[in-house]
Amino acid sequence: MPESSSIIQLVSDLGAGLGSLIACFWYIQFITRSHREERTTADQMHKEERLEWMRKDTTSDEALRGIISESNKILGDLRACLTEQTTLLKAVLEKRQ
């Protein structure tokens, strides 16, 4: 049977080490939870930002499609006018010959 002073010494020695281990375990858990919360928040913010950019892209794409459609219509009208003018010019040149 160990002496009472050796038991007290053993408890005091183990208490400091055990206390340090408990403190380290708690700190690791605290850091892990904090990191998880930060990552979740950052992921959510990134998702919201990506959705906002997608909405802006959709709006810009619709405006661009409208501009392209209008430009195609104008170019089609210009082609028709040029074709008509070319035909008239050929007719005039053929009459002169």
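The count of salt bridges comes to two. The model is a predicted one, and the distances and areas quoted below are computed from it.

**First stop: Arg-55 and Glu-52**

Select Arg-55 together with Glu-52. These side chains form a salt bridge, in which the closest N and O atoms are 3.0 Å apart. Both residues belong to helix H1, where they stand three residues apart and are thus separated by about one helical turn. Arg-55 is partly exposed, its relative accessible area being 49%. Glu-52 also counts as partly exposed, at 34% relative accessibility.

**Second stop: Asp-77 and Lys-73**

Next, select Asp-77 and Lys-73. Their side chains meet in a salt bridge, with a distance of 3.4 Å from N to O. The two residues are four apart in helix H1, which again places about one helical turn between them. Is Lys-73 buried or exposed? At 56% relative accessibility, Lys-73 counts as exposed, because the threshold for that class is over 50%. Asp-77, with a relative accessible area of 40%, is partly exposed.

Now select Lys-56 and Trp-53, and turn the view until the ring of Trp-53 is seen face on. The charged end of Lys-56 sits over this ring, at 4.9 Å from the ring centre.

Move to the aromatic residues. A pair of aromatic rings is described by the distance of the centres and the angle of the planes. How many aromatic pairs does the count give? The count comes to one aromatic pair. To see this pair, select Trp-26 and Phe-30: the ring centres lie 5.5 Å apart and the planes are at 15°, so the pair is stacked. Trp-26 and Phe-30 are four residues apart in helix H1, which comprises residues 4-96, and about one helical turn separates them. Trp-26 is exposed, with a relative accessible area of 54%, whereas Phe-30 is partly exposed at 41%.

Which kind of patch do Trp-26, Tyr-27, Phe-30 and Ile-31 form on the surface? The patch is nonpolar, and the accessible area of the four residues together is about 450 Å².

Technical notes. Residues numbered from 1 in each chain as written. Predicted model: local features only at pLDDT ≥ 70, side-chain atom pairs only at ≥ 80, totals over all residues. Heavy atoms only, no water. Phe/Tyr/Trp six-rings, centres within 6.5 Å; stacked < 30°, edge-to-face > 60°. Buried < 20%, exposed > 50% of the residue type's maximum accessible area, 1.4 Å probe, protein only. Lys NZ or Arg CZ within 6 Å of the ring centre and 35° of its normal. Patch = residues over 30% accessible without salt bridge, like charges linked within 9 Å, V, L, I, M, F, W, Y side chains within 5 Å. Areas by Shrake-Rupley, 256 points an atom, 1.4 Å probe, with all protein chains shown as cover.
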